[in-house]
Amino acid sequence: MKNEGMAAPPAFRALVAARRDDWNRRFVRARERWPRLTGEVVLAALGSVLAPVAEALAETGLTEAVAATDRLYDVMLEMAGRGLIGPGSRRVDLGGLWGRVLAGVPELTVRAPERVGGAVANALARLAGERDTRPELWVQRLCAAARYCPEVETLLACGTIAGWQAGLAQYRRTALATARTLPPSAVAAVLGLPLPCDSAGITAVLDRLNLDPWHNPGHVLVQNRDPVQNRRSPRIVTRVGGFRGFGGPFLTPPRLTLAEGGFVASDHEAAWDLFADAFGATLVRRPSFVVAPVAETPGREAASLLARLQRLIPELAGASVWAANRRTAAVVPACSHAVVVVMLE
């Protein structure tokens, strides 16, 4: 690879020139692992992704920035090889988002370039691999919290919370537990709450979120002041799943059962944990195949709930496969491979 024409600061061009032979050797090794990796993609990423990061890192000290940028080159190669950067990228410009985070936390990136760079890349890859997630929101929340993160471990913990906020509902329990161990300002920033916010205020917010999956942290403080605003009518919040032939996971209409933290959906071949809350819904395949048991004949109260939902939501008329807990119902409409997630009162 050559660096002619690369739109980058002079210091970065000098770094590329000094490292060219070594970086080319590492590129060749990376292409053995990812045959679709091209020099064009890597060269473009050097100028548009790695160069701005290197410029931000240089503010912490030139020697440290050069060493960190050299290690981040390998992370960038892996992202390109996995299709996260370049024309084959799966969704948004993940390379640009990756660079924004690293440039936003230069001191922590210089301190642990491979750990921070790899963790950010993996988080973005996870978000890109799920439907209806919001990588841009993840970056915004993490960058907002970064100024309150004195250590790499604090930043990565905020990344988990931001991932939950960005649509990875399976991290809800971990995120809520982790949030209780972090500085209040970092938690407030990553949840999108107004600052300043003291420990007592954060604890109250987390307690409320722990009780009700349908609270949005950005509105919790307002809702707590007026109980009337907490009154809700059942409504569909999302749909997950679908027929495998059309890109969904299920070969047959799924069966449902309650599970700790959510629901289990299964066809005759595999089973998935279904997690859903105010920020997203995800299906996570179980490593071992456990078929959800056929639901027992519902009691009077449960049957009354289903009948009420069917009156309020015409789409659920005729549904016979469903499960519900206090806050949420999961329903498979008649002749469907999808699971409808309903927020209850």
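In the predicted model, the axes of helix 9 (residues 172-179) and helix 11 (residues 199-211) come within 10 Å of each other and cross at roughly 160 degrees. Helices (H or I, at least four residues) and strands (E, at least two) are DSSP runs, numbered from the N terminus. Axes are lines fitted to C-alpha atoms, for helices over the stretch in contact, and angles run from 0 to 180 degrees between N-to-C directions. Helix 9 and helix 11 are therefore roughly antiparallel to each other, a term applied to angles over 145 degrees. The crossing of helix 9 with helix 11 is left-handed, meaning that the near helix is turned anticlockwise from the far one by less than a right angle. Arg172, Leu176 and Ala179 of helix 9 meet Leu206, Leu209 and Asn210 of helix 11, where contact requires heavy atoms within 4.5 Å. By class, this contact of helix 9 with helix 11 has 4 nonpolar, 1 polar and 1 charged residues. Ala, Val, Leu, Ile, Met, Phe, Trp, Tyr, Cys and Pro count as nonpolar, Asp, Glu, Lys and Arg as charged, and the others, Gly among them, as polar.

Helix 9 also packs with helix 8 (residues 152-165), at an angle of about 135 degrees and with the axes 9 Å apart. The crossing of helix 8 and helix 9 is left-handed. From helix 8, Ala157, Thr160, Ile161 and Trp164 meet Arg172, Thr174, Ala175, Leu176, Thr178 and Ala179 in helix 9. The contact of helix 8 with helix 9 comprises 6 nonpolar, 3 polar and 1 charged residues.

An open sheet is formed by 4 strands in the order 1-8-7-6, with antiparallel pairing; two strands pair if DSSP finds at least two bridges between them. Strand 1 (235-241) and strand 6 (321-324) are the edge strands, each pairing on one side only. From one strand to the next, the twist averages 20 degrees. Strand 6 pairs with strand 7 (residues 328-332) in the antiparallel sense over 4 bridges, and Trp322 has Val331 in strand 7 as its bridge partner.

Strand 4 (residues 271-277) and strand 5 (residues 280-285) run antiparallel and are joined by 6 bridges. A hairpin through 2 residues links strand 4 to strand 5, and Asp277 has Gly280 in strand 5 as its bridge partner.

Residues are numbered from 1 along each chain as its sequence is written, and side-chain values use heavy atoms, with hydrogens and water left out. Local features need pLDDT of at least 70 and side-chain atom pairs count only at pLDDT 80 or more, whereas totals for chains, interfaces and linings use all residues.

Key: Parallel < 35°, antiparallel > 145°, perpendicular 65-115°, else oblique.
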